[in-house]
Amino acid sequence: MTANILLVEDEPAIQELLVFNVTQCGYRAIQALDAASAMSHISHALPDLILLDWMLPGSSGIELARRLRADQRTRNVPIIMLTARNDERDKVLGLESGADDYITKPFSPRELMARIRAVLRRRTPQMSDETVSAGGLELSPTTHRVSANGAMIDLGPTEFRLLHFFMTHVERVYSRTQLLDQIWGDHVFVEERTVDVHIRRLRQALEPSGLEGMVQTVRGSGYRFSCN
Ligand code: CA
């Protein structure tokens, strides 16, 4: 699964450098030159990580980070702040505004990429290529294979992503909107009942191994993947 990284930076040279490095690492780069344009991208599709410049024309990076953290939908999107100032107080302020990490310009592309990888691994485990196991199921993102108690299961691409997300977020309840954001990445053009269709297909695929009960409906809230 390719991570979408939103680059919010008003300086064209740095924006270009970010795009180059992010793309080199196999991520998809989405560009925004200010907070308003960033918000418009975010309302269209939730990115997997935001690289956010502190000093932006109009609304600052700090303001944008606070705004994203205050909204239920965007609360958990990882944010790395970029700043030209290397001041301990700024660092504290940046982290208090909700950023996951902080990097000072000029930065080395290698360091930046290492930070991006670390934050993604921590915040979005479904982006990792590591094999995950939960309650008798084993899923390998590299080979795209899923097995239940050793027997292979055939899954469509959406069911695969859905199961990968569930297996890396067990016991938590997700609304249909949250699942659309996480699995489809674009909640605007997909109807909520699409989620139900794919949940049903996922359950059907798990049925022969008797594990369909792991995908639970939580009335009035959404769905939960449970190993109990
Ligand atoms: Ca700037």
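Me: What should I know about the model before I start?

Reply: It is a predicted model, in which local features need pLDDT of at least 70 and side-chain atom pairs count only at pLDDT 80 or more, while totals for chains, interfaces and linings use all residues. Residues are numbered from 1 along each chain as its sequence is written, and side-chain values use heavy atoms, with hydrogens and water left out.

Me: Which domains does the assignment give?

Reply: Domain bounds come from an automatic or database domain assignment. Here the assignment gives domain 1 (4-127) and domain 2 (132-225). Their centres, taken over C-alpha atoms, are 28 Å apart. Eight residues from domain 1 and twelve residues from domain 2 make the contact, where contact means heavy atoms within 4.5 Å.

Me: How much area is buried between domain 1 and domain 2?

Reply: Buried area is the accessible area (1.4 Å probe) that two parts lose on being put together, summed over both. For domain 1 and domain 2 the figure is about 870 Å², with 46% of that from carbon and sulfur atoms.

Me: How many salt bridges does the rule find across that interface of domain 1 and domain 2?

Reply: The rule asks for a side-chain nitrogen of Lys or Arg within 4 Å of a carboxyl oxygen of Asp or Glu. One salt bridge crosses the interface of domain 1 and domain 2. Arg-73 and Asp-181 form a salt bridge, with their closest N and O atoms 2.8 Å apart.

Me: What coordinates the calcium ion?

Reply: Donors are N, O and S atoms within 2.8 Å of the metal (3.2 Å for Na, K and Ca); water is not among the atoms, so sites may look incomplete. In this model the calcium ion is coordinated by Asp-10 (OD), Glu-11 (OE), Asp-53 (OD) and Met-55 (O), at 2.1 to 3.1 Å. Asp-10 sits in the loop between strand 1 (4-8) and helix 1 (12-24) and Asp-53 in strand 3 (residues 49-53), so the pair ties together parts 43 residues apart in sequence. Helices (H or I, at least four residues) and strands (E, at least two) are DSSP runs, numbered from the N terminus.

Me: Which side chain meets Asp-53 in a salt bridge?

Reply: That of Lys-105, at 3.1 Å from N to O. This pair links distant parts of the chain, 52 residues apart: Asp-53 is in strand 3, and Lys-105 is in the loop between strand 5 (101-104) and helix 5 (109-123). The peptide bond from Lys-105 to Pro-106 is cis, with omega near -5°.
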